[in-house]
Amino acid sequence: KMFPCLLSAALLLTPSLSLDWGRARPLRTDPHRLSPVRVRVSPLRLQVADDPPDDGGGGEAEEGLPDAESEGIADFRAQLMRQMGGGGGGGGSADAPLSDRERLMRSVETAALADAPAPGRMLLANPAKFCSRNPFARPVKDLGRFGLDGPVSPDEMPPDLTAQMLPVLLLLEHGEGGSSAVLLERRTGALMGDIDIDSFGCVAIAPLWLGGTQRQNALSALHSVEGLEGAAPLRDGLWLGGWEAARPRVADSSLAAARFKFFLGATTWAAGQLEAEVAAGAWIVVEGSPELVLKERLDGSGARRAKPVWAEVLSALGEPGRTAYEAVYGSGD
């Protein structure tokens, strides 16, 4: 029996969303967060995204629409895609040339084991702990915080689905007072245009990711753009916040929207809680490149075009991640 998920793991979902359209707030200048938003995500059920249908190459007019109107829709879609990809035509110069170091960080997916949790580092669920049915062997007691109703069952589902369910988080804060992080592969089913078209129209088709079940009025922007006013560094190559400064540059396509990810809510730990879970072997702490963190793993239709985050990070980790990887995929994959 497969345990149902409260939240999806990087799959296109169809949740029930309650959006307070009448109270959309302007963004405030804050180095770590965007303005609170009133978005309530109802409990979700896991849904496997199908491969996109073959439409024979596209390019045909929208069914039932006059040619002129169809061309207008096509132009609008093309403009959105240029904004998502950055650069190119459509009004605006291309991204400024990247330094050699920045180009390397964006093009190479690298990972290394880290000795302790810290902001900007990743936490990967250890299947030896998250898949155990022995409650005394599970140092993480409240699995619902990660979208799980119980331990993950790798014997009852395909390996990729198991990997999608195993939580992967990026730490935003870690200190004596506790820790906070965002889940990297949980979809809300909403797009940024659903939140506030005035503030996020230039990233209207970007997915809104679910960072966690706590701080659900907090909207965070994670990105790889250096020098944005209001942005706070997480680690080398990753920043949090600064959307107010970035928005006009994304709108004129001089800055790629694909360099941003938006998260609703967060996952938190009390003081000392995360350290205890790491010491008990629940988490594999990893220093991952910005490319691994920000990579888009779904295409525009919601179909998967890459391995789950959990699998990709362990693959990049190499030999230190082999035991955990083979616990899900076996030794032959």
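Phe200 and Trp243 are both buried, where buried denotes under 20% relative accessible area, exposed over 50% and partly exposed the range in between, computed with a 1.4 Å probe on protein chains only. The model is predicted, so that local features need pLDDT of at least 70 and side-chain atom pairs count only at pLDDT 80 or more, while totals for chains, interfaces and linings use all residues. Residues are numbered from 1 along each chain as its sequence is written, and side-chain values use heavy atoms, with hydrogens and water left out.

A search of the whole structure gives 11 aromatic pairs. Rings of Phe, Tyr and Trp (the six-membered ring of the latter) are paired if their centres lie within 6.5 Å; planes under 30 degrees apart are stacked, those over 60 edge-to-face and the rest tilted. One of the pairs joins Phe146 and Trp269, whose ring centres are 6.5 Å apart and whose planes meet at 40°, so this pair is tilted. Because Phe146 lies in the loop between α3 (127–130) and α4 (159–165) and Trp269 in strand β12 (residues 260–269), the pair ties together parts 123 residues apart in sequence. Helices (H or I, at least four residues) and strands (E, at least two) are DSSP runs numbered from the N terminus. Phe146 and Trp269 are both buried. The pair of Phe200 and Trp243 is stacked, with 6.1 Å from centre to centre and 20° between the planes. Phe200 belongs to helix α6 (residues 197–200) and Trp243 to helix α7 (residues 243–251), and the pair thus links distant parts of the chain, 43 residues apart.

Phe146 and Trp269 also belong to one aromatic cluster with Phe130 and Trp283. The charged end of Arg187 sits over the ring of Trp209, 5.2 Å from its centre.

In helix α11 (residues 322–329), the buried residues are Ala324, Tyr325, Val328 and Tyr329. Viewed down the axis of α11, they fall within an arc of 115°, so they line one face of the helix; the arc is that of the directions from the helix axis to the C-beta atoms. Among the elements covering these residues are α3, α4, β13 (283–288) and α10 (309–317). Gly330, with a positive phi near 80°, follows α11.

Key:
Lys NZ or Arg CZ within 6 Å of the ring centre and 35° of its normal. Contact = heavy atoms within 4.5 Å.
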